[in-house]
Amino acid sequence: MDSETEGIILLLGVTGAGKSYFINQLKNKGPVTVVEGHTMKSQTSRCQVVQMVLEDDDGDERSISVVDTPGFDDTERPDGEVLAEITEFLATQHALGIPLKGVLYLHKITDNRMTGSSGTYLRLLQSLIGDSAMTNVILVTTMWYMLRDEYEGEGLRRQTQLSEKYWKPLTDKGAGVTKFEGTPESAWSIVRKLAPKEPVVLDYQRQVVEEGRDLVHTNAGQSLLQKLESTKVEYTIKLKNLEDQHDEAIAIGDKAVARDKEKEISEAQDMLKRIDKSVAKLGAQPGPRIKEEVARVMKGQTAGRAVTVLAAILNITLFVVQLVVGV
């Protein structure tokens with residue numbers, strides 16, 4: 001089955017925000033056909049696509065595709081690598097001419113405060129999307145099922161605070177706010193809020209694909225670079241202090257403290273390596289390469305196969321969920 005898609009909806013958020021859980025609820029909404037991505041180039045990806053195929057009483061089909069992306073702030077993967085992977089998807093989707101219906105940005109309601117890291121990634125979200133596409137964004141609170149009944153009021157207070165304070169720069173530009181109840185019905189109802197929207201092109205897609213910029217010279221790349229440079233300064237100072245403390249422990253013969261400091265020094269050095277790796281990833285210029293490959297792969301393909309071609313190019317798995325209109 002390969003119904004022509006009416007558009008794609010992108011899931012974004014930090015690691016642990018519930019993107020994979022959301023996508024799994026969509027897969028639970030109806031019978032699933034799994035279409036494996038065929039490797040057309042050496043590349044692996046953690047993205048996955050759920051194509052919701054809707055069939056009316058006359059047997060006519062249309063579909064909307066929802067894409068799970070890797071999360072930022074992952075202890076296992078540098079942020080630059082995550083941005084590069086999301087870039088591959090967005091650039092390929094744009095080059096294929098598949099309409100982008102919008103973005104769902106997931107945030108845990110169980111976070112009792114907005115951390116500096118959360119604020120950083122929210123600014124990154126703004127720079128990825130741009131003001132002109134903000135009306136096609138929904139900010140989604142997740143993990144409500146983890147709150148005890150007596151704390152639901154506190155959760156509602158947090159959502160109000162997010163909407164009126166931290167998310168105000170986005171909602172003022174037209175972004176919506178909703179809650180995900182953790183069920184297939186709730187996931188599908190959220191998708192349906194974006195499905196009728198007119199397609200948009202993100203600022204980031206224009207900069208990468210149409211203007212051919214390298215990542216560091218995009219608005220999103222600059223936003224991430226500032227965060228990385230700030231973190232590098234912090235960890236460079238931390239590493240120097242740890243080395244001084246280690247030397248002092250050695251001087252006074254405190255082997256236990258010295259061992260502890262050696263472990264902390266190793267962790268700080270690892271973090272600095274991750275930062276350098278992220279910065280290096282921002283030097284990539286994927287737009288021209290992706291446009292060339294899409295043009296090559298699409299020779300002889302029909303428009304209706306665009307989503308399958310997308311999955312094949314990126315070597316990702318496509319889950320097709322068959323629904324009946326009105327369900």
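## Burial and helix H7

A residue is termed buried when its relative accessible area is under 20%, exposed when the value is over 50%, and partly exposed in between. By this criterion, the buried residues of helix H7 are Tyr204, Gln205, Gln207, Val208 and Val209. Glycine 212 follows H7 and has a positive phi, near 65 degrees. The structure under discussion is a predicted model.

## Overall architecture

The secondary structure of the protein consists of 11 helices and eight strands. The protein has 327 residues, of which 52% count as buried. Among contacts with a separation of 6 or more, 80% are made by residues 24 or more positions apart.

## Helix H10 and its packing

Helix H10 spans residues 286-297 and contains 12 residues. From the first C-alpha to the last, H10 reaches 16 Å, close to the 16 Å expected at 1.5 Å a residue. Its buried residues are Pro286, Gly287, Ile290, Glu293, Val294 and Val297. These residues lie on the same side of H10 because they cover an arc of only 135 degrees around the axis. As a general principle, an α-helix has 3.6 residues a turn, so residues three or four places apart point the same way.

Which helices pack against the buried residues of H10? The partners are helix H2 (79-96), helix H7 (203-210) and helix H11 (306-314).

Strand E5, residues 100-108, is mostly covered, with eight of its nine residues buried. E5 and strand E6 (residues 137-142) run parallel and are joined by six bridges. Within this pairing, leucine 106 has valine 140 of E6 as its bridge partner.

The largest nonpolar core comprises 91 residues, and the members that touch the most others are Phe22, Leu26, Phe89, Leu104 and Leu125. Helix H2 contributes the largest share of this core, namely eight residues. Beyond its neighbours within four places in sequence, leucine 104 contacts Ile9, Leu10, Leu11, Leu12, Phe22, Ile138, Val140, Ile190 and Leu194. In soluble globular proteins, nonpolar side chains tend to be buried together.

## Lysine 281 at helix H9

Lysine 281 belongs to helix H9, residues 255-281. Is this lysine buried or partly exposed? Lysine 281 counts as partly exposed because its relative accessibility is 34%, a value between the 20% and 50% limits.

Although lysine 281 and aspartate 79 are 202 residues apart in sequence, their C-alpha atoms are 9.1 Å apart in space. Apart from residues up to four places away in sequence, lysine 281 touches Gly80, Glu81, Ala84 and Leu215.

Aspartate 73 has a positive phi, near 65 degrees, and is a residue other than glycine. Aspartate 73 is placed in the loop between strand E4 (61-68) and H2. With a relative accessibility of 41%, aspartate 73 counts as partly exposed.

Methionine 143 likewise is not a glycine, yet it has a positive phi of about 65 degrees. Methionine 143 is located in the loop between E6 and helix H4 (152-166). Why does methionine 143 count as buried? The assignment holds because its relative accessibility is 12%, which falls under the 20% limit.

Terms used:
Residues are numbered from 1 along each chain as its sequence is written. This is a predicted model: local features need pLDDT of at least 70, side-chain atom pairs count only at pLDDT 80 or more; totals for chains, interfaces and linings use all residues. Side-chain values use heavy atoms; hydrogens and water are left out. Helices (H or I, at least four residues) and strands (E, at least two) are DSSP runs, numbered from the N terminus. The expected span of a helix is 1.5 Å times one less than its number of residues. Buried means under 20% relative accessible area, exposed over 50%, partly exposed in between (1.4 Å probe, protein chains only). The arc is that of the directions from the helix axis to the C-beta atoms. Contact means heavy atoms within 4.5 Å. Two strands pair if DSSP finds at least two bridges between them. A nonpolar core is a set of buried Ala, Val, Leu, Ile, Met, Phe, Trp, Tyr and Cys residues joined through side-chain atoms within 4.5 Å.
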